[in-house]
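Here's a quick briefing to read with the structure open beside you. Have a look at the fold first, then work through the points by topic.

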Amino acid sequence: MTDYNGKLYRSGYTGLVHGDIAKFLHKTLTTDEQTVVTGLIASIEKHIARQCERNLAPAGSSNAYYETFDAGYNQYDLYNLPVKEVTKITLDGNSVYVKGGGSNTLDLNTDFFVYPGYIEFDTAPESATDNRQALKIYYEIETIADEDLVLAVKQWVSDIFLSSEYAGKSMTSVGVQGANMSFSPDSIPSYIKLVIENYRVPRL
């Protein structure tokens with residue numbers, strides 16, 4: 001089981017691999033080119049997630065996102081949307097709710113309620129010692145990465161790869177975690193901006 005900080009953006013949500021880009025381009029990629037494309041996919045996925053201010057895929061089987069809050073409030077807005085379910089809640093480091101658990105202190109739909117963007121407690125959870133950062137909520141989100149997002153990433157990876165700056169060049173700094181790249185506003189295609197606009201979460 002691996003849990004992920006809900007405020008850190010993850011790649012991999014499109015499911016694209018270098019073979020998909022090769023098919024899209026009708027091109028056989030060399031080993032070095034496969035490495036470049038793999039890095040580009042990860043970098044672009046993280047860039048889009050960061051601009052959308054949300055993770056765009058579930059954490060995965062038996063995994064969850066988590067966020068830490070100050071206790072003492074009835075409502076907690078979660079960063080990644082839409083929320084599918086809460087899998088665990090801890091208070092002062094102790095589990096008070098575990099999905100499927102038989103000895104929960106809090107009961108779902110009685111003591112707390114889960115909505116697409118937040119969780120609401122019937123009675124505000126209070127720390128026994130200090131409310132600061134005492135509450136930790138683990139949750140999973142719905143799958144929202146649709147075909148438009150997958151196609152946009154595929155197109156942008158292909159465009160960058162074919163550009164004179166990257167095509168056919170060895171990029172030794174590129175790995176599966178993504179290339180060391182930044183994207184200026186002028187370099188972002190209009191179709192990517194449209195996808196970001198469609199998936200972005202408005203923040204107050």
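Predicted model: local features only at pLDDT ≥ 70, side-chain atom pairs only at ≥ 80, totals over all residues.

The protein has four helices and eight strands, and along the sequence they run β-α-α-β-β-β-β-β-β-β-α-α. Of its 204 residues, 42% are buried. Among contacts with a separation of 6 or more, 78% join residues 24 or more positions apart.

**Helix H1 and its neighbours**

- H1 spans residues 18-25, and its buried residues are Ile 21, Ala 22 and Leu 25.
- Look down the axis of H1 and those buried residues fall within an arc of 105°, so they line one face of the helix.
- The cover over the buried residues of H1 includes helix H2 (31-52) and helix H3 (147-162).
- Just past the end of H1, His 26 has a positive phi of about 55°.

**How H1 packs on H3**

- As a reminder, a pair of packed helices is described by the angle between the axes and the distance between them.
- For H1 and H3, the angle is about 75° and the axes are 10 Å apart.
- H1 and H3 are therefore roughly perpendicular to each other, since angles of 65 to 115 degrees get that label.
- On the H1 side, the residues that meet H3 are Ile 21, Phe 24 and Leu 25.
- On the H3 side, the partners are Leu 151, Lys 154, Gln 155, Val 157, Ser 158, Phe 161 and Leu 162.
- Sorted by class, this H1 and H3 contact comes to seven nonpolar, two polar and one charged residues.

**Helix H2 and Glu 33**

- Glu 33 sits in helix H2.
- Is Glu 33 buried or exposed? It counts as buried, because its relative accessibility is 12% and the cut-off for buried is under 20%.
- The C-alpha atoms of Glu 33 and Phe 161 are 8.7 Å from each other, although the two residues are 128 apart along the chain.

**How H2 packs on H4**

- H2 and helix H4 (residues 190-199) pack at an angle of about 45°, with 9 Å between their axes.
- That makes H2 and H4 oblique to each other, and their crossing is right-handed.
- Which residues make the contact? H2 brings Ile 48, Gln 51 and Cys 52, while H4 brings Ile 192, Ile 196 and Tyr 199.
- Five of the residues in the contact of H2 with H4 are nonpolar, one is polar and none is charged.

**Two sides of H4**

- The buried residues of H4 are Ile 192, Val 195, Ile 196 and Tyr 199.
- Down the axis of H4, these buried residues fall within an arc of 100°, so they line one face of the helix.
- On the other side of H4, the exposed residues are Ser 190, Glu 197 and Asn 198.
- H2 and H3 are among the elements that cover the buried residues of H4.
- Ile 192, Ile 196 and Tyr 199 are on the list of buried residues in H4 and also take part in the contact with H2.

**Backbone spots to check**

- For context, most residues other than glycine have a negative phi, and most peptide bonds are trans.
- Glu 53 isn't a glycine, yet its phi is positive, near 55°.
- You'll find Glu 53 in the loop between H2 and strand E2 (64-69), and it is partly exposed because its relative accessible area is 28%.
- Asn 109 is another residue that is not a glycine and has a positive phi, of about 65°.
- Asn 109 lies in the loop between strand E5 (94-98) and strand E6 (112-114), and it is exposed, with a relative accessible area of 52%.
- The peptide bond from Leu 81 to Pro 82 is cis, with omega near -10°.
- Pro 82 is in the loop between strand E3 (75-77) and strand E4 (83-91).

Conventions: Residues numbered from 1 in each chain as written. Heavy atoms only, no water. Buried < 20%, exposed > 50% of the residue type's maximum accessible area, 1.4 Å probe, protein only. Arc of directions from axis to C-beta. Contact = heavy atoms within 4.5 Å. Axes fitted to C-alpha atoms, helices over the stretch in contact; angles between N-to-C directions. Parallel < 35°, antiparallel > 145°, perpendicular 65-115°, else oblique. Left-handed = near helix turned anticlockwise from the far one by under 90°. Nonpolar A, V, L, I, M, F, W, Y, C, P; charged D, E, K, R; others polar.
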